[in-house]
Amino acid sequence: MINPIAFTILGIQVRWYGVIITLGLLIAGYIAMKNARYIGLKDDYITDYVLWAMPFCIIGARLYYVIFEWDYYKGDFFKIINIREGGLAIHGGLIAGFLVAYLYTKAKKINFMQFADIICVSIPLGQSIGRWGNFTNSEAYGTVTNLPWAININGQMVHPTFLYESIWNFVLFIFLYRLFKKRKFNGQIISLYMIIYSVGRFFIEGLRTDSLMILGLKTAQLVSISLIILGVAVYVYASKNNRISD
């Protein structure tokens, strides 16, 4: 394992987690701008959206985590807002990001499904990179295993579930990136993203030991099932109503 602190500025410790998340965001944003230009949208739409979405995604990711860990955070406001100690949930960030995208496209009079397709090509790449922030924090690992690629956490050899999800997301990015220019309808990319990402997340979550829970069930698995169902519904609807003219 490596030191989670990347460097210190004026006495403030900057963690590798933040550096890696920022790197993932920048690279994902660059890919999104390329795809926006391909279909005739200005780069400004992507940069403006990212600037709006970024703080709300952080808030959404934090709120989601705090809600499902309320017994730990209740009554301590400063503990709630102290994200430097960890506690961000990707599903919360995604929900916030899509809500901002919907409101942004309505305000700019842009086709939401088309815009969502652009950003959903890049999202899994950002997630793939960002998961390595979990590695630097020694978190998001799985159950004990004797597999040759196991990692040592607190003296136990465990599944590197952050790595599994990083690989799954990177493969998904390659698939969606190649499909983008060949897609048949607006909404095809976002629906496939929801379905394929959620399938992988469901099984990987089954190996994790640090999952958020609700009613004795793993929250991420329940959300994944919901996103798969929603993704199928969006795919069917968009394939009939949002065809792209040849």
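Ser239 is found in helix H9, where helices (H or I, at least four residues) are DSSP runs numbered from the N terminus. This is a predicted model, in which local features need pLDDT of at least 70 and side-chain atom pairs count only at pLDDT 80 or more, while totals for chains, interfaces and linings use all residues. Residues are numbered from 1 along each chain as its sequence is written, and side-chain values use heavy atoms, with hydrogens and water left out.

The side chain of Ser239 reaches the backbone oxygen of Val236 at 2.8 Å. Leaving aside residues up to four places away in sequence, Ser239 touches Phe185 and Val234, contact meaning heavy atoms within 4.5 Å.

Two helix pairs can be set side by side, with axes being lines fitted to C-alpha atoms over the stretch in contact and angles running from 0 to 180 degrees between N-to-C directions.

| Helix pair | Axes | Angle |
|---|---|---|
| H1 (residues 16–38) and H2 | 8 Å apart | about 145° |
| H2 (residues 43–68) and H5 | within 7 Å | roughly 145° |

H1 passes H2 in a right-handed crossing, a term for a near helix turned clockwise from the far one by less than a right angle. On the H1 side the contact is made by Leu25, Gly29, Ala32, Met33, Ala36 and Arg37, and on the H2 side by Asp43, Ile46, Thr47, Val50 and Met54. These residues divide into seven nonpolar, two polar and two charged, where Ala, Val, Leu, Ile, Met, Phe, Trp, Tyr, Cys and Pro count as nonpolar, Asp, Glu, Lys and Arg as charged, and the others, Gly among them, as polar.

The crossing of H2 and H5 is also right-handed. Among the residues that meet there are Trp52, Phe56 and Tyr64 in H2, and His91, Phe98 and Lys108 in H5. The residues of this contact divide into 13 nonpolar, five polar and three charged.

How much space lies in the second largest pocket? The second largest pocket holds about 340 Å³. Of the 17 residues that line this pocket, the closest to its centre are Ile95, Phe98, Met194, Leu227 and Leu230. Helices H5 (90–108), H6 (112–136), H8 (188–205) and H9 (219–241) each give two or more residues to the lining, which divides into 14 nonpolar, three polar and no charged residues. A pocket is here an open set of points, on a 1 Å grid over the protein atoms alone, where a 1.4 Å probe fits, with protein on both sides within 12 Å along at least five of seven lines, and lining residues have an atom within 4 Å of a point; the volume is the space filled by probe spheres set on the points, which are joined across faces, edges and corners.

Definitions and conventions
Polar contact = N/O pair within 3.5 Å; in protein donor to acceptor, adjacent residues only side chain to side chain.
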